[in-house]
Amino acid sequence: MQTPYILLVDDDPDDLMLLREAIESLGENFLVFECKDGRSALNFLKQKQLDNSLPGLIVLDINMPVLDGREVLAILKSDPGLKKIPAVVFTTSSNPADINYCAQFNVALFTKPFNISMLEEMAKKIVSYYEV
């Protein structure tokens, strides 16, 4: 049986590290994989699709180079093999347009918190979207 894993997609290495640590601090048995932009995330997912080992959750930033989170979300939700993977958006944006964009795909948007204790609480909420 495959070890459950979460895919984090964010171009900010500090945000990736902090979210990874917050998720790992929950004591769950999740592996965490990281991609630095939307294109590398889609390439990663296509490979994992071939291996039949897709993640149980994708955590996606909106503002990224190469392929931003909006574009990735649209691609994910239009792909029959990937649209079933739960996704949440974890971003600095609190723009109503971004919130509405995510809502049209039935995807929760979490605004990145300002301190570690808030991040740990948010990590619990994010992980609750994980599906086996």
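**Entry 1: Val66 and other positive phi values**

I looked up Val66 and found it in the loop between strand 3 and helix 3 (69-78). Helices here are DSSP runs of H or I with at least four residues, strands are runs of E with at least two, and both are numbered from the N terminus. The phi of Val66 is near 70°, a positive value in a residue other than glycine. Val66 has a relative accessible area of 51% and is therefore exposed. I use exposed for over 50% relative accessible area, buried for under 20% and partly exposed for in between, with a 1.4 Å probe and protein chains only.

The model is a predicted one, in which local features need pLDDT of at least 70 and side-chain atom pairs count only at pLDDT 80 or more, while totals for chains, interfaces and linings use all residues. Residues are numbered from 1 along each chain as its sequence is written, and side-chain values use heavy atoms, with hydrogens and water left out.

I then went to Asn52, in the loop between helix 2 and strand 3. Asn52 is not a glycine either, yet its phi is positive, about 55°. Its relative accessible area is 70%, so Asn52 is exposed.

At the start of helix 4 (residues 96-104), I noted a side-chain oxygen of Asn95 within 2.7 Å of the backbone nitrogen of Ala97.

**Entry 2: the sheet**

Strands of a sheet pair through backbone hydrogen bonds, either parallel or antiparallel. Which order do the five strands take in the open sheet? I read the order as 2-1-3-4-5, with parallel pairing. Two strands are counted as paired if DSSP finds at least two bridges between them. Strand 2 and strand 5 (108-111) are the edge strands, each pairing on one side only. From one strand to the next, the twist averages 20°.

Strand 1 is joined to strand 3 (residues 57-60) by four bridges, and the two run parallel. Leu7 has Ile58 of strand 3 as its bridge partner. Helix 2 packs on the sheet and touches strand 1, strand 2 and strand 3; the direction of helix 2 makes about 155° with that of strand 1. Contact means heavy atoms within 4.5 Å. For the angles, axes are lines fitted to C-alpha atoms, for helices over the stretch in contact, and the values run from 0 to 180 degrees between N-to-C directions.

Leu8 stands opposite Val59 in strand 3. Between strand 3 and strand 4 (residues 87-91) I found three bridges, again with the strands running parallel. There, Leu60 stands opposite Val89 of strand 4.

In a regular strand the side chains alternate between the two faces of the sheet. In strand 3, Leu57 and Val59 point one way, Ile58 and Leu60 the other way, and all are buried.

**Entry 3: Asp10**

Asp10 is in the loop between strand 1 and helix 1. Is Asp10 buried or exposed? With a relative accessible area of 5%, Asp10 is buried. Its side chain reaches the backbone nitrogen of Asp12 at 2.9 Å. That is a polar contact, meaning a pair of N or O atoms within 3.5 Å; within protein, one must be able to donate a hydrogen and the other to accept it, and residues adjacent in sequence count only if both atoms are side-chain atoms. Leaving aside neighbours within four places in sequence, I listed the contacts of Asp10, among them Cys35, Asp61 and Lys112.

**Entry 4: aromatic rings**

Rings of Phe, Tyr and Trp (its six-membered ring) pair if their centres lie within 6.5 Å; planes under 30 degrees apart count as stacked, over 60 as edge-to-face and the rest as tilted. I get six aromatic pairs by this rule. The ring centres of Tyr5 and Phe44 are 6.2 Å apart and their planes are at 85°, so this pair is edge-to-face. Tyr5 is in strand 1 (residues 5-9) and Phe44 in helix 2 (residues 38-50), 39 residues apart. Tyr5 is buried at 2% relative accessibility, and Phe44 is buried at 18%.

Phe30 and Tyr130 form a tilted pair, 4.6 Å centre to centre with 50° between the planes. Phe30 lies in the loop between helix 1 (13-24) and strand 2 (31-35) and Tyr130 in the segment after helix 5 (116-127), so the pair ties together parts 100 residues apart in sequence.

Ring pairs also link Tyr5, Phe33 and Phe44 into a cluster. I noted the charged end of Lys48 over the ring of Phe33, 5.4 Å from its centre. Lys48 also lies over the face of Tyr5, at 5.9 Å from the ring centre. The rule is that NZ of Lys or CZ of Arg is within 6 Å of the ring centre and within 35 degrees of the ring normal.
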